[in-house]
Amino acid sequence: DYSISNNIPLIGVCRGMQVINSFFGGKIRNLDNNNHVNKDHKVKLNNNFILKNNDISVNSFHRNVIDQNSLGKNLSSFAISDFDKTVEGFFHNELQIFGVMWHPERFPDNNSNELLQNIFSSK
């Protein structure tokens with residue numbers, strides 16, 4: 001609410017993305033396997049304003065996932081897991097709100113740095 005009412009850009013990382021999705025009416029699903037626990041995996045980026053590369057490797061530390069049909073109101077995905085097609089990144093269609101399911105701060109490569117720079121300079 002504070003971010004929205006004060007027009008402050010917001011990025012949710014991992015649990016933060018899940019909280020943002022819930023705030024906008026989305027759902028989170030818990031996996032019954034360890035496919036996302038402490039494992040790097042590939043994601044496909046589908047929005048060119050984020051990165052030059054369409055495929056990047058990201059980290060994961062949880063069993064929670066967001067399915068495409070479980071996104072909250074006015075949220076659109078920009079990153080999808082190659083492995084299970086779950087949403088790994090989204091943005092709000094009208095507000096400067098973004099979420100990534102991985103931890104770019106724990107994997108500070110060029111893709112992570114560019115992603116964060118682009119998010120905070122977009123819209």
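# Reading a predicted fold, feature by feature

Author: The chain contains three helices and eight strands. Helices (H or I, at least four residues) and strands (E, at least two) are DSSP runs, numbered from the N terminus. This is a predicted model: local features need pLDDT of at least 70, side-chain atom pairs count only at pLDDT 80 or more, and totals for chains, interfaces and linings use all residues. Residues are numbered from 1 along each chain as its sequence is written, and side-chain values use heavy atoms, with hydrogens and water left out.

Reader: In what pattern do the elements follow along the sequence?

Author: The pattern is α-β-α-β-β-β-β-β-β-β-α.

Reader: How do I read pLDDT, and which elements have the lowest and highest means?

Author: pLDDT is the predictor's confidence in each residue, from 0 to 100. Where pLDDT is low, the predicted coordinates should not be read in detail. Here the chain averages 85, and 89% of the residues score at least 70. Among the elements, helix α3 (residues 110-121) has the lowest mean, 74. Helix α2 (residues 15-23) has the highest, 97.

Reader: Next, burial. What share of the residues counts as buried?

Author: Buried means under 20% relative accessible area, exposed over 50%, and partly exposed in between (1.4 Å probe, protein chains only). Of the 123 residues, 45% count as buried. The accessible surface of the chain is about 6600 Å² by the Shrake-Rupley method with a 1.4 Å probe. Carbon and sulfur atoms hold 48% of that surface.

Reader: Which residue of β8 stands opposite Phe90?

Author: Gly99 does. β7 and strand β8 (residues 97-100) pair in the antiparallel sense over three bridges. A hairpin of four residues joins β7 to β8.

Reader: What makes up the largest nonpolar core?

Author: In soluble globular proteins, nonpolar side chains tend to be buried together. A nonpolar core is a set of buried Ala, Val, Leu, Ile, Met, Phe, Trp, Tyr and Cys residues joined through side-chain atoms within 4.5 Å. The largest core here has 12 residues, among them Val43, Ile56, Phe78, Phe98, Trp102 and Leu115. β3 (41-45), β4 (55-58), β6, β8 and α3 each supply at least two of its residues. A second, separate core has 11 residues, including Leu71, Leu75, Val87 and Ile97.

Reader: How are the rings of Phe23 and Phe24 arranged?

Author: Rings of Phe, Tyr and Trp (its six-membered ring) pair if their centres lie within 6.5 Å; planes under 30 degrees apart count as stacked, over 60 as edge-to-face and the rest as tilted. The structure holds one aromatic pair. The centres of Phe23 and Phe24 are 5.0 Å apart and their planes lie at 85 degrees, so the pair is edge-to-face. Phe23 is partly exposed, at 45% relative accessible area. Phe24 is buried, at 16%.

Reader: Is Ser121 buried or exposed?

Author: Ser121 is exposed, at 58% relative accessibility. Ser121 sits in helix α3. Its C-alpha atom is 9.8 Å from that of Gln96, 25 residues apart along the chain.

Terms used:
Two strands pair if DSSP finds at least two bridges between them.
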